[in-house]
Amino acid sequence: MLEQQATVVNIDANNDVWVLAARQSACGSCQQSEQCHPSSVLTAPSLAIQVKKNQHDLKIGDEVVIEIAEKTLWHGLFYLYVYPLGALVVGAMLGQFLSEKWGAVIMASVCFMMALVHVTQLTQHQNDNYLPTVIKKLN
C-alpha cells in the first residue's frame, strides 16, 4: 500500500472529499540536489485529488492519511499507457499488412483512438475503484 499525508480542501454537494497532497520526489533529499535540478523542479505545486472517505467524519482543513493499493496503481498505469500504445502498434502492423504506408498510419490512429475511448469508458464506470482511500484522520 502506498500512503500519503494530505489536507482536506473541499467537500462538495455530493459529499465527495477532495484533498491536497504535496507532490513528493525521490530526488532532492541529498545535499547535491541543487546542482542536479533547479529548486523549481523539486517544489512542484500540490495537486487536489478526490478520495473515498470511508467512515471518517471529515471537515475542511482536517489532516488525513490516504492510501492506494499498488495493484490499483499498476492497473491504472496499464490502462493509461500500455494499452493505448499496444493498440497503436497493433494498428500500425495491421495497417501495414493490409495497405502499406498510409494504411499503417490510418489504422494506427484509429486503433489508438478506440483504445483511448475504451479506457475512458472503463475508468468512468469504475471511478471509485481507482480513488485513494482515507485510512486515518490525524487531527
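How many aromatic pairs does the count come to? The count comes to two aromatic pairs. One of them, Phe-78 with Tyr-83, is stacked. The model is a predicted one, and the protein chain has a mean pLDDT of 81.

**Confidence**
- Of the residues in the protein chain, 82% reach a pLDDT of 70 or more.
- Among the elements of the chain, helix H3 (residues 70-125) has the highest mean pLDDT, at 90.
- The lowest mean pLDDT, 50, belongs to helix H2 (residues 39-42).

**Aromatic residues**
- The rings of Phe-78 and Tyr-83 lie 6.5 Å apart, centre to centre, with 25 degrees between their planes.
- That pair counts as stacked because planes under 30 degrees apart are classed that way.
- Phe-78, Tyr-79 and Tyr-83 make up one aromatic cluster.
- Phe-78 has a relative accessible area of 40% and is partly exposed.
- Tyr-83 is also partly exposed, with a relative accessible area of 28%.

**Asp-62**
- Asp-62 sits in the loop that runs between strand E3 (47-51) and strand E4 (63-68).
- Its relative accessibility is 8%, so Asp-62 counts as buried, the cut-off being under 20%.
- The side chain of Asp-62 reaches the backbone nitrogen of Lys-59 at a distance of 2.7 Å.
- Leaving aside residues up to four places away in sequence, Asp-62 touches Ala-6, Thr-7, Val-8, Asp-57, Lys-137 and Asn-139.

Terms used
Residues numbered from 1 in each chain as written. Predicted model: local features only at pLDDT ≥ 70, side-chain atom pairs only at ≥ 80, totals over all residues. Heavy atoms only, no water. Phe/Tyr/Trp six-rings, centres within 6.5 Å; stacked < 30°, edge-to-face > 60°. Buried < 20%, exposed > 50% of the residue type's maximum accessible area, 1.4 Å probe, protein only. pLDDT = per-residue confidence, 0-100. Helix = DSSP H or I, 4+ residues; strand = E, 2+ residues; numbered from the N terminus. Polar contact = N/O pair within 3.5 Å; in protein donor to acceptor, adjacent residues only side chain to side chain. Contact = heavy atoms within 4.5 Å.
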